[in-house]
Amino acid sequence: MTPHSRTAAVSSLSSPSTSTFFRIASLVFVLVTALLAGCATQAPGLPSDPVLTTGGPATRPLLPNGPLQAITPGQAGSHQIASTEPPKELWDRIRRGFAMPDLQNELVTDREQWYASRPDYIQRMTERSSKYLFHIVEELERRQMPTELALLPFIESAFNPQAVSSAKAAGMWQFMPATGKYFDLKQNAFRDDRRDVLASTRAALDYLQKLYGMFGDWHLALAAYNWGEGSVGRAIAKNQKAGLGTSYLDLNMPAETRLYVPKLQAVKNIVANPQAFRTELPLIENHPYFQQVQITRDIDVALAARLADVKIEDFKALNPSAHRPVIIAAGTPQILLPWDNATVFQRNFEAYSQGQYASWTAWTAPATMNPAEAARRTGMNEADLRGINNIPPRMLIKAGSTLLVPRSAKVETDVTSHVADNAQVSFAPEIVTRRTTVKARKGESVATIAKRYGLSAASVAEWNNVSASSPFKVGHQVVVFLPVKSHAASSAGHARGKANVKAVKRSTAKTVVKTKKR
């Protein structure tokens, strides 16, 4: 019997009262369905804030083409039964998404024992990760990538977004400066997106997808993430030329890269079965830890934390890219806050009436100057200017540098997007000069003296109270102001030159003597 004929048979057997009942029930069902659909499509978070979205797009169910077909008992037994209940714990959700081939060798066993023998270290790492893991897993699932990759920051930085390596790699995903720029991670005077939770995760997964597309193997992609795609490509080409295998275990690579995938595999094994390693993982609920909150004004970091009613260290842990005491809205239009504190922040932000949100602003140096002059122009104490802008001693501030300075009551506008995205601070060595006299040679003039010492003719003329075209008599004592370091280096170099000449003469003399003896 077709579905259509079955519906007709039921309709003919129904009594009027039964039919009325079904019509009422159908109407109620439609209303409830519409209500639930409306609830499902309403974005979570604060009202009128489009940034507050944490989930990916809804997935449409796959519908078969053509009429439905009966499933035989044999076919039913060959299919897995999918659970309709979402995992309550994030660790379980991560386990369900494992999709990379396992690596089994003595290096994995060694790393398992290393981690298992350090329960305090695992506890610190996993507790720190609880702020970021849900977002990373969401992104991995949205991209249909293996969830093992959510564990990679354990290897890279122990989930510390402020981590900086000796090679200047920074952030949770440890991006080098050049690689960060390639993946659009801004690094300027106000922020370093290599530390930003959302931006660095986006860039890391973009990079890993790119590497997997190049090599078609997750182990090789991870090796390239650590060692560089060029290095892995050359190692593969070398093995191909020699007729050797080209898998991760076949390649000749540095010790750090050789241990890289075994470390990740060891962490994966511990997460998959913590009891086997006598390890206890902290509970991480399968729920967003933070919300994105849009900001429209520059705001001090301390004030933002206070308005959100969170500890300053917790605020910085979620917003680690802001390495200055102020967040520039034009460059960082949203902040991350714990889920329950987002509405608290918005309510307090709108009710704030104690003056400006930001007590700092940007000032661009119009010319190269020393810190004392910059402090005078901005109304700051020189020590404070040096401290807040990390100005080293004996350095000049180069023209075009953007410094952080106090915001006066007269300044009402926030920092522009151009400054927020391009602000840099550059320094030049401070040149200390000393009054010196030099003897004029035969036929010398102001111009030749200036050329000899890399000075301007106008300066030499001014120091000697003559015109710029004046000649000097032989032996005349010409006054010049020379850089102390350059002069010392020149003198030292001249002395070394004389010493070298003497040494060569002595060596030559010895050689001549020896030749005579033979």
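This is a predicted model: local features need pLDDT of at least 70, side-chain atom pairs count only at pLDDT 80 or more; totals for chains, interfaces and linings use all residues.
Local features were considered only at pLDDT of at least 70 and side-chain atom pairs only at pLDDT 80 or more, while totals for chains, interfaces and linings use all residues. Residues are numbered from 1 along each chain as its sequence is written, and side-chain values use heavy atoms, with hydrogens and water left out.

Helices (DSSP runs of H or I, at least four residues) and strands (E, at least two) are numbered from the N terminus. The axes of helix H10 (residues 197–215) and helix H12 (residues 229–241) come within 12 Å and cross at roughly 15°. H10 and H12 are therefore roughly parallel (an angle under 35 degrees). On the H10 side, the contact (heavy atoms within 4.5 Å) is made by Tyr207, Lys210, Leu211, Met214 and Phe215; H12 contributes Glu229, Val232, Gly233 and Ile236. Six of these residues are nonpolar, one is polar and two are charged, with Tyr counted as nonpolar and Gly as polar.

In helix H14 (residues 301–308), six of eight residues are buried, that is, under 20% relative accessible area with a 1.4 Å probe, protein chains only. They are Val301, Leu303, Ala304, Ala305, Leu307 and Ala308. Their cover includes strands E2 (299–300), E3 (326–327) and E4 (334–338), together with helices H15 (312–318) and H16 (342–351). Asp309, which follows H14, has a positive phi near 60°.

Technical notes: Axes are lines fitted to C-alpha atoms, for helices over the stretch in contact, and angles run from 0 to 180 degrees between N-to-C directions. Angles under 35 degrees count as roughly parallel, over 145 as roughly antiparallel, 65 to 115 as roughly perpendicular and the rest as oblique. Buried means under 20% relative accessible area, exposed over 50%, partly exposed in between (1.4 Å probe, protein chains only).
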